[in-house]
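Let us walk through this model together, one region at a time. Keep the viewer open as you read.

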Amino acid sequence: MEESHVVKLYGFWPSPYVYRVIWALKLKGIEYEYIEETLSSKSPSLLEYNPVHKNVPVLVHGAKPVAESMLILEYIEETWPDHRNPLLPSDPYERATARFWIDFGQQKGLTFFAFFRSSEEDKEKTARQVLETLKIIEDQALGDKKFFGGNRIGLVDMSFGWLAHWFGIMQETVGVEVLEPANLPRLHRWAMDFKQEPGIKENLPDSKALLAHFKRQRERFASTKEK
Ligand SMILES: N[C@@H](CCC(=O)N[C@@H](CS)C(=O)NCC(=O)O)C(=O)O
């Protein structure tokens, strides 16, 4: 393959941001080389390719690095478009609406993080805040559709994709269940459907390893709070 066409992905196995990129590359059938990073000792290449945020994922296309998972997905969609299976709607208004929900999910990141690192005393309170956010996503963004854009998965589904796998394990770590059929029947259905999609189901990190990773992280949060 010509050097200018080579695709590399710098990642970290438990990262849901990295998986967004993996899903998009797999769905498009794009070959790539995966480079696993150690976040406590980042490689010189990662620091060179992402000197501002110094985080993963970074996609390198030829010599051109692209950072920030959702921007990488937009880059992939524009560079390798498949007009029969677009990941964003072609109508400008629908596209703006899709980006609104992607942005909403990003803005609410701290709500989920607060839940994940909550103490025993405040975990129910943070769970209620997560439920409020998920209700908005279910009622306003998903509605009665199978996926956020209709019958096929697209960028909005991939941006919320972490809810379908990582969030369940996060709930298990905290010991509170929020995304369950009684509370959020349509969003729960969506999570089940999303996880079954070709390209997604074969590309999810191992649940047991992720649970152990999250438990270690939560213990670390608890010990730093006590000090
Ligand atoms: N907004 C970024 C978030 C990426 C991110 O937080 N990556 C984490 C791994 S899950 C990371 O690389 N952390 C290392 C660090 O920030 O030092 C995106 O969507 O790509």
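Start with Lys 54, which sits in the loop between α2 and β3; helices (H or I, at least four residues) and strands (E, at least two) are DSSP runs, numbered from the N terminus. The model is a predicted one: local features need pLDDT of at least 70, side-chain atom pairs count only at pLDDT 80 or more, and totals for chains, interfaces and linings use all residues. Residue numbers start from 1 along each chain as its sequence is written.

The backbone of Lys 54 has a phi near 55°, a positive value in a residue other than glycine. Most residues other than glycine have a negative phi, and most peptide bonds are trans. Lys 54 is partly exposed, because 13 other C-beta atoms lie within 10 Å. The scale behind that word calls a residue buried if 20 or more other C-beta atoms lie within 10 Å of its own, exposed if 12 or fewer, and partly exposed in between, with C-beta atoms placed from the backbone.

The loop between α2 (44-49) and β3 also holds Pro 57. A cis peptide bond joins Val 56 to Pro 57, with omega about 10°.

Glu 68 is partly exposed, because its count is 18 other C-beta atoms within 10 Å.

The residues around it (C-beta atom, placed from the backbone, within 6 Å) are Phe 12, Ser 15, Tyr 17, Leu 39, Lys 54, Asn 55, Val 56, Pro 57, Glu 68 and Ser 69. By type, this shell divides into 5 nonpolar, 3 polar and 2 charged residues; here Ala, Val, Leu, Ile, Met, Phe, Trp, Tyr, Cys and Pro count as nonpolar, Asp, Glu, Lys and Arg as charged, and the others, Gly among them, as polar.

Now turn to the strands, where pairing requires at least two DSSP bridges. Strand β1 (residues 7-11) runs antiparallel to β3 (residues 58-61), joined by 4 bridges, and Leu 9 stands opposite Leu 59 in β3. On to β4 (residues 64-67): β3 pairs with this strand in the antiparallel sense, again over 4 bridges, and Val 60 has Pro 65 as its bridge partner in β4. The two strands β3 and β4 form a hairpin with 2 residues between them, and Gly 62 in the turn has a positive phi of about 65°.

What lies in the nonpolar core? Such a core is a set of buried Ala, Val, Leu, Ile, Met, Phe, Trp, Tyr and Cys residues joined through C-beta atoms within 7 Å. The largest one has 53 residues, and Val 21, Ala 24 and Val 58 have the most contacts inside it. Helix α1 (residues 16-28) gives the most to this core, with 8 residues. Leaving aside neighbours within four places in sequence, Val 21 is in contact (C-beta atoms, placed from the backbone, within 7 Å) with Leu 9, Pro 57, Leu 59, Ser 69, Ile 72 and Leu 73.

Finally, visit helix α8 (residues 162-174), whose buried residues are Leu 163, Ala 164, His 165, Trp 166, Phe 167, Ile 169, Met 170 and Val 174. After α8 comes Gly 175, with a positive phi near 90°.

Key. Contact = placed C-beta atoms within 7 Å.
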